[in-house]
Amino acid sequence: MAQSTVIQAPGLSTFLKSLKTTPVDPSVEHLISLLKRRQIRNSRPCAIATTALLLRVVGEFKGRDAAKLVERIRQVGRRLTSAQPREVVVGNIVRRVLGLVREVVDENADGQTPTGSEAPTPVPQHDSLHRPTLASSMSTFSPLKHAAAEPMHVGVYDGNMSDSGELSRRPPLLTSHTSYAPPSAGPLVNSLFGLFSQPIDTPSATSTPSGAQSPNGKTTFTQQNLERLGELSRGQTSLDLKGEVMEGIRELQDELETSDKQIAEVALEHIHANEIILTHTASTTVQKFLMYAARKRKFTVVHAETYPHDHTATHGVLLTGKKRESHADEDDEDDKWKPLTEAGIQVYVIPDSHVFAIMSRVNKVILATHTVLANGSLVAAAGAHMIAKAAKEHQTPVVVLSGVYKLSPVYPFDIDELIEHGDAGGVVPYEDGDFVDKVDVENPLYDYVPADLVDLYITNLGGHAPSYLYRIVADHYRSEDITL
């Protein structure tokens, strides 16, 4: 009897297997086709596939020029993001890897001993009145970098003021705002109150480059950064650029694997006994979060079924603990867990239309997300905006669970570009031909939720207010990599 051969549909598992034996360029084309056909979709699978591909790209890179490596990664990143622009997490991973390359070069450059006529820069002594600058991975050209600069001292205005004529160009209000700074004879530097007091003809050494170096001149700005990277990497003969970058990418892969577990470990701090929790969609992150809290707490879960997009997966998760029954190639351990009912938790499934009616009895709303944007807003599965709006009317706190890899430095200038639409036949069957011809049917797969509807973000780094996300963006992304 001939043995039956199991044919796996194209997806994440088949791509990861083929990546071990296929060269880089065909693998890039393969992932692009999978993204265009939506055979790899949602944030976590796209992040895993992109990270694995970039690991191969860096591994097969020849040479030690950091500028060429950055350009190679950026070239692959542009093609991947253009294949599926709404999967913002693909661009996030590319920017993280680009930041790894720059961080490796910068750390080795800082560790070198100055030679020749260069003298080491003296470290200023900070007293109790001087606020030291914050240590971060922000770029030198980042606007956030200048906010931590030392403010101008009032003593600068004391000398030669009568014969220099500088007083007319400097507002007197600066005296009251900068009187706390220690005496300093150094050059003028930018601060929050000193930005408008710089002399026109004497630009500061720490100010943002002007003219062709401005971020508005993107071509020259990027070219100068690449030249700087190339010079630094060529001057560091002992630098194992490729090895250190690959090690950083492997750490990024570990972050993707452990982010859900790290988020779930803080569940007991946010879920209390006898609470009623409202959630929706078959999210792995949310289910693990609730399962961890169910070990020691008894509460009730109200689950909106998210019809017609995710209701089948939602029913499967609640009944069997299996998320996707139709994709055998993605049947891994992350898609299986014990149902909440087996842990002794009461679960009620409701249609989305009943959310507002039951919200008055809900103690907390827990939402999953597809993408978190830099202004604190998010893109989540369809129905999330309605749930968050109802929670706002009833003063119910909204908690969003998200890994840091979903946090994007992109701002929602055009919200419609972020929203993906599905088949209208899922809402109105095409059999109703007379009715379909008379109406325009839209079937959005995602919702945009503004930041003012969210109370707390819980990431693998801890809990953050929406207004604090800009700081996490500055710590994880370089300003020169925001535009690929």
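## Exercises on helices, strands and single residues

**Exercise 1.** Work out how helix α1 (residues 12-19) and helix α2 (residues 24-36) are placed, given that their axes come within 11 Å and cross at roughly 175 degrees.

*Solution.* Begin with the terms: helices (H or I, at least four residues) and strands (E, at least two) are DSSP runs, numbered from the N terminus. Axes are lines fitted to C-alpha atoms, for helices over the stretch in contact, and angles run from 0 to 180 degrees between N-to-C directions. Angles under 35 degrees count as roughly parallel, over 145 as roughly antiparallel, 65 to 115 as roughly perpendicular and the rest as oblique. The helices α1 and α2 are therefore roughly antiparallel to each other. Next, look at the contact, where contact means heavy atoms within 4.5 Å: α1 contributes Phe 15, Ser 18 and Leu 19, while α2 contributes Ser 27, His 30, Leu 31 and Leu 34. Finally, sort these residues, counting Ala, Val, Leu, Ile, Met, Phe, Trp, Tyr, Cys and Pro as nonpolar, Asp, Glu, Lys and Arg as charged, and the others, Gly among them, as polar; the contact of α1 with α2 then has four nonpolar, three polar and no charged residues.

The structure is a predicted model, in which local features need pLDDT of at least 70 and side-chain atom pairs count only at pLDDT 80 or more, whereas totals for chains, interfaces and linings use all residues. Residues are numbered from 1 along each chain as its sequence is written, and side-chain values use heavy atoms, with hydrogens and water left out.

**Exercise 2.** Find how the axes of α1 and α3 cross, and which residues meet.

*Solution.* The axes of α1 and α3 come within 10 Å and cross at roughly 5 degrees, and therefore these two helices are roughly parallel to each other. From α1, the residues Leu 12, Phe 15, Leu 16 and Leu 19 meet Pro 45, Ile 48, Ala 49, Ala 52, Leu 53 and Arg 56 of α3. Sorted by kind, the residues of this contact of α1 with α3 are nine nonpolar, no polar and one charged.

**Exercise 3.** State how confident the predictor is along the protein chain.

*Solution.* The score to read is pLDDT, the predictor's confidence in each residue, from 0 to 100. For the protein chain the mean pLDDT is 77, and 68% of its residues reach 70 or more.

**Exercise 4.** Trace the strand pairings of β9.

*Solution.* Two strands pair if DSSP finds at least two bridges between them. First, β7 and strand β9 (residues 456-459) pair in the parallel sense over three bridges, and Val 400 has Tyr 457 in β9 as its bridge partner. Then β9 and strand β10 (residues 462-464) pair in the antiparallel sense over three bridges, with Gly 463 in β10 as the bridge partner of Ile 458. A hairpin of two residues joins β9 to β10.

**Exercise 5.** Describe the open sheet formed by three strands, and the helix that packs on it.

*Solution.* The order of the strands is β5-β6-β8, and the pairing is antiparallel. The edge strands, each pairing on one side only, are β5 (371-372) and β8 (446-449). Two bridges join β5 to strand β6 (residues 378-381), and Thr 371 has Val 379 in β6 as its bridge partner. Helix α14 (residues 384-393) packs on the sheet, where it touches β6 and β8, and its direction makes about 35 degrees with that of β8.

**Exercise 6.** Decide whether Arg 38 and Asn 274 are buried or exposed.

*Solution.* Buried means under 20% relative accessible area, exposed over 50%, partly exposed in between (1.4 Å probe, protein chains only). Arg 38, in the loop between α2 and α3 (43-59), has a relative accessible area of 16% and is therefore buried. Asn 274, in the loop between α10 (241-264) and β1 (276-280), has 68% relative accessibility and so counts as exposed. Neither is a glycine, yet phi is positive in Arg 38, at about 60 degrees, and in Asn 274, near 65 degrees.
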